[in-house]
Amino acid sequence: MYFNEECLTSQELVNKTNIKLPLFNRRQVKENTKKNPKWIHFGPGNIFRAFIANLQQSLLDRGEDDCGIIAVAPNNSEIIDKIYRPHDNLSLLVTMNADGSNEKKIIASITESLTCDMQNKVDWERIESICIAGSLQIMSFTITEKGYKLKKDNGEYLESVKQDLQMGPSQVKSFMGKITSLLYKRYLNGAKPVSLVSMDNCSHNGIVLHDAILDIAKIWIDRNLVKREFQQYLEKNITYPCTMIDKITPYPSEKIQEELKQDGFNDMDFVVSSRGSKYAPFVNAEKTEYLVVEDSFINGRPALEKTGVIFTDRATVDKVEKMKVCTCLNPLHTALAIFGCLLGYTSISSEMNSPLLRKLVEKIGYDEGMKVVIDPGVILPKEFIEKCINERFPNSAIPDTPQRIACDTSQKVAIRFGETIKAYMKSNTLKSEDLVYIPLTIAAWCRYLLGIDDKGNEFSISPDPLLEVLQSKLGNINLGDKINVHNILEDILSDSKIFGVNLYDAGIGEKIEGYFLEMISIKNGVEITLNKYFKSVLVNIKENLVVS
């Protein structure tokens, strides 16, 4: 049996599996969407298929909406050509419960898939026709934090952006340039309103999206490449809601792949993109999910509150986002990722069986982060973090890896740790120099960048845009080397672009240097150092370590 639209009427699928089928008439929904598109989404990866597309499917199943979502790959056609189109834009969602059971569901709410590339004239013209439709309510995004960047770290525009700024909307290569071009097309065709919704894990994502688009548009206006009124259109007729999204959607699991083969599917093969991302016709994910959205939609929206989405004001979204990204989840994930790679772990769940690593995330979350967290009112911080530590991270059914989470850490630490450090610096009662476990994790990240694990073996560092720069500053350090740690780390730890603050100004730069020195002093130094700073709460295991 092949995974395509024929499955939706397959008696074999109904009789032999527990896979839930869509309850709506997909052919009618596809027709409705083609004629009057309401929602186009850029970034058709795993979280989109596992979460966002499933929300719309729930509305379609209950007759609360009659249109699906159009999925667009931002830069290349690999996922469209190898995953979406061969399977008629269907996706198989496997929800992996903590008790080991799985819930399977065919997601059929994605009605069309396209590639956002001007060289692909057929797809580009179709995207343009969608983006000028008066019916269009939402242009949404899951393109990762990097997708909104226009400039290099030295302040210069990226080469693709430079070209876009020179050539104007008719010849665009950068993704933000493409979106701005599409909005200009919408402006020229009636200046119809629409909402642009970032669902990426970057602080104030709606504002980041707004600023990137306006940056490009203003330069086009100054160079007489677009009409001057275009800026007013972007400011008045378009809204940019802020959001907070949370659902763990790891790379596809070989175990799930085998289970689906047992169900009778012949085409569940993995595809690894040129950028190293791993996809399959199915997506596996945890059950827990949160989506909090600023309710600012200028041309209407689906009734997603009926699916559990929380709609609120921007200030509340900001509090929820800070709670999650700065305190209750992402910092803990990053800590597990860094130490997991150094200590040889290949799954997040197995790390939670380590008393040292469990205590580490408890200390970062409960002891250091919760002191500065603001209760957003719509989600209780204590309940959120307890669910992470006691249910979500230990879920062995979720095949999430520290190596995946360690990707692009240099782009994340300013938010995941820097915001808490800054909050301590501003506090009248707390002192940033009293922090222990966040500095310990930052030291471990510097140690991680050496590409040598705790036993002295080389390992593959996860992709990071600053990796080459950071490693050049660290130089060639071997375990046991006698070094001037300040001379080596000063440039990194003082870089406020990385951490959001100069860590020496925060009073923890020298502390991080000390932790780093301890970690590189000997084989197993990372574990010995961790144990040293938890000796008051854990049985001392130092004597059991094999030190050579």
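The axes of helix 20 (residues 485-493) and helix 22 (residues 509-520) come within 10 Å of each other, crossing at roughly 125°. The model is a predicted one: local features need pLDDT of at least 70, side-chain atom pairs count only at pLDDT 80 or more, and totals for chains, interfaces and linings use all residues. Residues are numbered from 1 along each chain as its sequence is written, and side-chain values use heavy atoms, with hydrogens and water left out.

**Exercise 1.** Work out how helix 20 and helix 22 are oriented to each other.

*Solution.* Start with the terms: helices are DSSP runs (H or I, at least four residues), numbered from the N terminus. Axes are lines fitted to C-alpha atoms over the stretch in contact, with angles from 0 to 180 degrees between N-to-C directions. Angles under 35 degrees count as roughly parallel, over 145 as roughly antiparallel, 65 to 115 as roughly perpendicular and the rest as oblique. Helix 20 and helix 22 are therefore an oblique pair.

Next, find the contact (heavy atoms within 4.5 Å). Helix 20 brings V485, H486, L489 and L493, while helix 22 brings G509, I512, E513, F516 and L517. Sorted by class, that gives six nonpolar, two polar and one charged residues. Here Ala, Val, Leu, Ile, Met, Phe, Trp, Tyr, Cys and Pro count as nonpolar, Asp, Glu, Lys and Arg as charged, and the others, Gly among them, as polar.

**Exercise 2.** Do likewise for helix 18 and helix 23.

*Solution.* The axes of helix 18 (residues 437-448) and helix 23 (residues 525-533) come within 12 Å and cross at roughly 175°. That makes the two helices roughly antiparallel. Y437, L440 and R447 of helix 18 meet V526, T529, L530 and Y533 of helix 23. The contact holds five nonpolar residues, one polar and one charged.

**Exercise 3.** Describe the lining of the largest cavity.

*Solution.* On a 1 Å grid over the protein atoms alone, a cavity is a set of points where a 1.4 Å probe fits but cannot get out, and lining residues have an atom within 4 Å of a point. A volume is the space filled by probe spheres set on the points, which are joined across faces, edges and corners. The structure holds three cavities of 30 Å³ or more, and the largest has a volume of about 70 Å³. Among the residues lining the largest cavity are W39, F297, R301 and F311. The lining divides into ten nonpolar, no polar and one charged.

Technical notes
1 Å grid on protein atoms, 1.4 Å probe; cavity = no way out; pocket = protein on both sides within 12 Å on 5 of 7 lines; lining within 4 Å.
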